[in-house]
Amino acid sequence: YTTQQEAAPVAPKVDYKKVAEDVADALDDESHDDGSFGPTLVRLGWHSSGTYDKNSNDGGSDGSGMRFAPESKWGANAGLHKARAVMEKIKSKHPEITYSDLWILAATAAIEEMGGPHIPFRAGRTDKTENKCTPLPDGRLPDADGRDHKDAPADHLRDIFYRMGFNDQEIVALAGAHALGRCHTENSGYWGPWTNAPTTFSNEYFRLLLEEKWTPKKKHEGKAWTGPFQYEDPSGKLMMLPTDIALIQDKAMRPFVEKYAKDEEAFFQDFAKAWVKLTENGCKNLTAEPVW
Ligand code: DDH
């Protein structure tokens, strides 16, 4: 007769729930920006993923190549060493999680902690060693001035995001992450937050895009503005990048801004879907089911 072997319960190697909790506990820091590392961690997760190219099928969050030069030194990644330093603290508590999973889980957990949707997270990303990392070409992340399409920055967004397999609706949904955080002159040259509540994930970015009067920034703290071309609201406290304003100038994208400004629930749902796609692009061996 045959003995039926009971499947031995496999002890989970990584306690993803605990990792996410530790990330949530590490967000508050009065000395950083608006009091939270959340927005900067979200940007780390996005920039780690946004290198994906569906044609060459390289880039993306698998590998976390931004730990090394040249990716860590790209202009677009300026300032993200601060987010990576926060991640080191979590990694030392949970050495068994890969950096590439950690960065995405941290960004995903931060979104929820800041009031956004719970977005399911699947694990399985692997870390490349420095000499196994084929350096990606710079220029895969978007440029806020629209770069080669300065007259129609929306077309620059299409170049970048179609390459990752996204459509216009997904471009707009993802841009809603600019409800969070701010621009730093020392990182990007731009200045200011997009919204009045930069540590809260909401549809405020879309509402402000439509409701405020956005004009080219001329002054900063009483002096002439010498930074790159950007927009400001009448109070001078809020900002938009040329690629943000592109979303309301472009005929195909604007309807989605209008939709998300009216319907935060629709924004949360569409953002969640696009975020999963963004952060899983190019990943090969993810768990079948979410682990968080
Ligand atoms: Fe962004 N972003 N982003 N962004 N981004 C900046 C900051 C943050 C662009 C440019 C900038 C997305 C799309 C775009 C976040 C999330 C996301 C800054 C300022 C620039 C510049 C950096 C600095 O000075 O410190 C451009 C251009 C695009 C685009 O064309 C589509 C997307 C898709 C996301 C996302 O998360 C899905 C977040 C969060 C920040 C705030 C970071 C911080 O430290 O605060």
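The structure is a predicted model, in which local features need pLDDT of at least 70 and side-chain atom pairs count only at pLDDT 80 or more, whereas totals for chains, interfaces and linings use all residues. Residues are numbered from 1 along each chain as its sequence is written.

The protein contains ten helices and seven strands, where helices (H or I, at least four residues) and strands (E, at least two) are DSSP runs numbered from the N terminus. Its radius of gyration is 20 Å, close to the 19 Å that the globule rule gives for 292 residues, so the protein is as compact as a globular protein of that length; the radius is taken over C-alpha atoms, and the rule is 2.2 Å times the number of residues to the power 0.38. Along its principal axes, the C-alpha trace spans about 80 × 40 × 40 Å. Of the 292 residues, 44% count as buried, a residue being buried if 20 or more other C-beta atoms lie within 10 Å of its own, exposed if 12 or fewer, and partly exposed in between, with C-beta atoms placed from the backbone. Among contacts between residues at least 6 apart in sequence, 73% join residues at least 24 apart, two residues being in contact if their C-beta atoms, placed from the backbone, lie within 7 Å.

The domain assignment gives domain 1 (16-139 + 274-280) and domain 2 (147-272), with bounds that come from an automatic or database domain assignment. The C-alpha centres of domain 1 and domain 2 lie 22 Å apart, and the contact takes 26 residues from domain 1 and 23 residues from domain 2. On the side of domain 1 that touches domain 2, the elements that give two or more residues are α2 (38-49) and α10 (264-280), and α2 gives the most, with six residues. This side of domain 1 divides into 13 nonpolar, eight polar and five charged residues, where Ala, Val, Leu, Ile, Met, Phe, Trp, Tyr, Cys and Pro count as nonpolar, Asp, Glu, Lys and Arg as charged, and the others, Gly among them, as polar.

The ligand is surrounded by 24 residues, of which the closest are Pro142, Ala177, Gly181, Asn187 and Ser188; a residue is near a molecule or strand if its C-beta atom, placed from the backbone, lies within 6 Å of it. The shell around the ligand draws at least three residues from each of domain 1 and domain 2. At least two residues of the shell are supplied by each of α2, α6 (168-175) and β1 (182-183), and the largest share, five residues, comes from α2. The shell consists of 13 nonpolar, eight polar and three charged residues.

In helix α1 (residues 16-26), Tyr16, Val19, Ala20 and Val23 are buried. Seen down the axis of α1, these buried residues fall within an arc of 95°, so they line one face of the helix, the arc being that of the directions from the helix axis to the C-beta atoms. Lys18 and Asp25 are exposed on the other side of α1, while the buried residues of α1 pack against α3 and α4 (99-113). In helix α9 (residues 254-262), the buried residues are Phe256, Val257, Tyr260 and Ala261, and they fall within an arc of 135° when seen down the axis of α9, so they too line one face of the helix. The buried residues of α9 pack against α6, α7 (204-211), α8 (242-249) and α10.

The loop between α2 and α3 (81-93) holds Gly59, which counts as buried with 25 C-beta neighbours inside 10 Å. Not counting residues up to four places away in sequence, Gly59 touches Thr51, Tyr52, Asp53, Leu136, Arg140 and Gly282. Ser64 is also found in the loop between α2 and α3; Ser64 is buried, with 24 other C-beta atoms within 10 Å, and its phi is near 45°, a positive value in a residue other than glycine. Pro70 lies in the loop between α2 and α3 as well, and a cis peptide bond with omega of about 5° joins Ala69 and Pro70.
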